[in-house]
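Keep the picture beside you as you read.

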Amino acid sequence: QLQLVESGGGLVQPGGSLRLSCTVSGLTSDRPLAYYVIAWFRQAPGKEREGVSCSSSQAIRTDYADSVKDRFTISRDNAKSTVYLQMDNLKPEDTAVYYCAADQSSWKNYCSVNSGHFDTWGQGTQVTVSS
């Protein structure tokens, strides 16, 4: 059974950086981390959840929300079974609970932050950007 655990959140000043980690367990030799589409979402108080970034199977393609393009970078370390979200030049509007999620339905060489079949979620990690 696939499980995802986020870490790395915290309080940071505007313009600062954080790196979130999503450690995945329950992987198998037939379905290693590279098999899965992994995405990051966030939800701020009183707002709907939004897709932030995603990485297709084998990291062939990535996608980003317009609000984070050129500031956030998604990456994987298959040996560590971990997906990262490097967040630079953080803004107060980036404050939210960040979740990682996996699409277990099939291998896909594409992904979109606006759609997908994400059926397994982590518990979330809080990111607060404030001076």
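C22 and C100 form a disulfide, with 2.1 Å between their sulfur atoms. The word disulfide here stands for a pair of cysteine sulfur atoms within 2.5 Å, and in general such a link is a covalent bond between the sulfur atoms of two cysteines. C22 sits in strand β3 (residues 18–25) and C100 in strand β9 (residues 96–103), so the bond links distant parts of the chain, 78 residues apart. Strands (E, at least two residues) and helices (H or I, at least four) are DSSP runs, numbered from the N terminus.

A word on the source: this is a predicted model, in which local features need pLDDT of at least 70 and side-chain atom pairs count only at pLDDT 80 or more, while totals for chains, interfaces and linings use all residues. Residues are numbered from 1 along each chain as its sequence is written, and side-chain values use heavy atoms, leaving out hydrogens and water.

How many disulfides does the rule give? The count comes to 2, and here they are together:

| Disulfide | Sulfur atoms apart | Torsion about the S-S bond |
|---|---|---|
| C22 and C100 | 2.1 Å | about 70 degrees |
| C54 and C111 | 2.2 Å | about 90 degrees |

Because of its torsion of about 70 degrees, the C22 and C100 disulfide is right-handed; the torsion of about 90 degrees makes the C54 and C111 disulfide right-handed too. C54 lies in strand β5 (residues 50–55) and C111 in the loop between β9 and β10 (120–121), so this pair ties together parts 57 residues apart in sequence. With the bonded cysteines numbered in sequence order, the pairing is 1-3, 2-4.

Are these cysteines buried or exposed? C22 and C100 are both buried, and so are C54 and C111. Buried means under 20% relative accessible area, exposed over 50%, and partly exposed in between (1.4 Å probe, protein chains only).

Next come the nonpolar cores, sets of buried Ala, Val, Leu, Ile, Met, Phe, Trp, Tyr and Cys residues joined through side-chain atoms within 4.5 Å. The largest has 29 residues, and W40, F72, L85, M87 and Y98 have the most contacts inside it. Another core, of 8 residues, lies apart from it and includes A39, C54, V113 and F118.

Finally, look at the loops. Q58, between β5 and β6 (62–64), has a positive phi near 60 degrees without being a glycine. N89, in the loop between β8 and β9, also is not a glycine, and its phi is positive at about 50 degrees. N89 is partly exposed, with a relative accessible area of 44%.
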